[in-house]
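Welcome to this tour. Open your viewer, keep the sequence panel beside it, and select each stop as we reach it.

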Amino acid sequence: MSFFNNLSIRLRIMLVLLIPLIGLFYFNGERSYKEYVRMDKSKELIQIAELSPHINATIHRLQYERGKISVYLNASKTAAKSQARTELEDLYRKSDEVLAELKATYEAQDHGVYGDEFTRLMATTLEKVEGIKSVRTSIIFNQVSQTEAVAAYTQDINMLLDLVEYLGTHAESAEAANHFAAYIALMKQQEAMGQERALGTVILGQGMIAANDREKLSGIIGRQEAFEDMFLSYAVPEDKQA
């Protein structure tokens, strides 16, 4: 207190007035920072809402392609092969349009709100999915086996599913997180069902089921059941009815 007592009356008055102002600036600054964080988070959620449907659409296109390549590769008659090729090339064009929409949507967004991890993951995934074009060419000219082609598509689909799952970690509330977890589990169950159909087509083309294919099939069915259980554990009654 001796320091305060030694000050002039003018300085004492200024100091008394300054202390509340410092507190006011501090609390206003803290409030502004929290508001900035909230707005930044809202922007991220808006971008996730814009981006997710395009990722999902790309997944569905690749799943559809994967199912159709088996028809093409197993076609033996010339006429059937030609028709299957026309249909497959049409699918390629439509899938490329969906992928272009995904890339355009993402490129127009502010990547900074996602963070470095997602930006890196997104870049790696888009580069990998673009690589499916070389696999398509090999399929058209019968330069790749059905098993190899299916595996290439499945890998790309799983990478896209990882993107959706990563976005789900940014849910703000427990309720939103549960909705996202249920949705991801449902998507993964559907993907496992697609893998089962693709493997079944391979087995039919071989005319027999090998021991390793039987083991793969069992694992795929097991994953379907696990993802169904996960979906039911997170889903609300409205989700289950939908």
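How do H5 and H6 run relative to each other, roughly parallel or roughly antiparallel? Keep that in mind while we get our bearings.

**Before you start.** This is a predicted model, in which local features need pLDDT of at least 70 and side-chain atom pairs count only at pLDDT 80 or more, while totals for chains, interfaces and linings use all residues. Residues are numbered from 1 along each chain as its sequence is written, and side-chain values use heavy atoms, with hydrogens and water left out.

**Stop 1: the whole chain.** Switch to a cartoon view. You will find nine helices and zero strands; here helices (H or I, at least four residues) and strands (E, at least two) are DSSP runs, numbered from the N terminus. Of the chain's 242 residues, 34% count as buried. Buried means under 20% relative accessible area, exposed means over 50%, and partly exposed lies in between (1.4 Å probe, protein chains only). Among contacts (heavy atoms within 4.5 Å) with a separation of 6 or more, 76% link residues 24 or more positions apart.

**Stop 2: H5 and H6.** Now select 132–140 for H5 and 146–168 for H6. Their axes come within 10 Å and cross at roughly 160°. Axes are lines fitted to C-alpha atoms, for helices over the stretch in contact, and angles run from 0 to 180 degrees between N-to-C directions. Here is the reply to the opening question: H5 and H6 are therefore roughly antiparallel. Angles over 145 degrees get that label, those under 35 are roughly parallel, 65 to 115 roughly perpendicular, and the rest oblique. To see the contact, show the side chains of Ile132, Val135, Arg136 and Ile139 on H5, and of Ala149, Ala152, Tyr153 and Asp156 on H6.

**Stop 3: the loop between them.** Select Asn142, which lies in the loop between H5 and H6. Asn142 counts as partly exposed because its relative accessibility is 42%. Its phi is near 55°, a positive value in a residue other than glycine. Most residues other than glycine have a negative phi.

**Stop 4: the nonpolar core.** Next, select Ile55 and Ile139, the residues with the most contacts inside the largest nonpolar core, which has 42 residues. Such a core is a set of buried Ala, Val, Leu, Ile, Met, Phe, Trp, Tyr and Cys residues joined through side-chain atoms within 4.5 Å. H2 (9–74), H3 (78–107) and H7 (174–206) are among the helices that each supply at least two residues of this core, and H6 gives the most, with ten. Stay on Ile139: beyond its neighbours within four places in sequence, its contacts include Ile69, Leu88, Tyr92 and Val144.

**Stop 5: along H3.** Select 78–107. H3 has 30 residues and reaches 43 Å from its first C-alpha to its last, close to the 44 Å expected at 1.5 Å a residue; the expected span is 1.5 Å times one less than the number of residues.

- Lys81 lies in H3 and is buried, with a relative accessible area of 18%.
- Not counting residues up to four places away in sequence, Ser95 touches Arg61, Glu65 and Arg136.
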